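Colleague: Thanks for sending this over! Please take me through one part of it closely, and tell me how its surroundings are put together.

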Amino acid sequence: MPATLMHISDLHAGPPFLPEVAKALTTHAYDLKPDLLVLSGDFVQRADRGHQWQVAREYLATLPQPRLYVSGNHDVPLFNVYHRLFQPYRPYQRNITTTMNPIFAHAELNLYVVGGDTAHGITIAGGYLNKFQIHAMEAAFAQAPATACKIAVLHHPVIDPPDNHESEPLANEREVVAMLARAGVELVLNGHVHFFHVGTVQELWGTLRWLRTPPPPPARRMVLCTAGTATSQRGRGPDHGKNSFNLITIDEQTIRVQPWYYQRAAQQFEPQQEYCFERDRPHAG
Ligand SMILES: [Fe+2]
Ligand SMILES: [Fe+2]
């Protein structure tokens, strides 16, 4: 039986939030009945504003379970420097979840999903996984059954999509890619850039900057999937003014990614072209 994931990102509760789009998103979440709802960060526009967290909380309560969350850079306080530096995760942990590195394991569906927190108070828009987190994520994936499809969820893209000119990528992308490849991860889900993109690590490898001759990319195919903003006015680049989520279907042979875009006239999201990737499982290669 194929597993389905609904990948939602960048809700941005606050001034950019679009309640009518959010309502349509909830309807689809119930109609599509995904096995897991993945929310890849930026729940609020400004983490310093208590009211925005209340809107985010109330909205999340309308969505079905199970859900897996990671935090985004907007979920860390900005204006209160003390909170940003010394209690960066407090509002997120109070309002969304205390779990910063969640795991969703499902034996029947053969899924093993691990989230990582790339948003830290020390940086404002950028992100990274520190050494401890890299080690912890690799150790978490080591617990997965050999046949499971391993999926990582981060807020920031591990390699910047080609059309990103506005937001900051992951600072230590090469280290993170190397860990994900060692761990046998087949799919990475992220948000942050506010437009849809999907491609393999091999396709995007050449866009990384190297001081010397670049080493070859990881041998196994890893699919990097970026969700647009689901419910905010902050769509960027090719998705300026647009809202979308991704429906992901995983079976024995393939990982399929289909973006659904909100159509204002119809007041619903509609499926677009599906992207199909053959799986390249560690035990097979
Ligand atoms: Fe965002
Ligand atoms: Fe972000």
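**A closer look at Asp75 and beyond**

Modeller: Happy to! Asp75 counts as buried because it has 28 C-beta neighbours inside 10 Å; buried means 20 or more other C-beta atoms within 10 Å of a residue's own, exposed 12 or fewer, and partly exposed in between, with C-beta atoms placed from the backbone. This is a predicted model, in which local features need pLDDT of at least 70 and side-chain atom pairs count only at pLDDT 80 or more, while totals for chains, interfaces and linings use all residues. Residues are numbered from 1 along each chain as its sequence is written, and chains are lettered from A and ligands numbered from 1 in the order in which they are written.

Asp75 sits in the loop linking strand E3 (67-70) to helix H3 (81-86); helices (H or I, at least four residues) and strands (E, at least two) are DSSP runs numbered from the N terminus. Leaving aside residues up to four places away in sequence, Asp75 touches Gly41, Asp42, Phe43, Val44, Ala47, Tyr92 and Ala119, where contact means C-beta atoms, placed from the backbone, within 7 Å. Pro88 is 13 residues from Asp75 in sequence, and their C-alpha atoms are 8.3 Å apart.

For a look elsewhere, helix H5 (residues 131-142) has Met137, Ala140 and Phe141 as its buried residues. They lie on the same side of H5, because they cover an arc of only 95 degrees around the axis, taken from the directions from the helix axis to the C-beta atoms. These buried residues pack against strands E4 (103-106), E5 (111-115) and E6 (149-153), and against H6.

Conventions
Contact = placed C-beta atoms within 7 Å.
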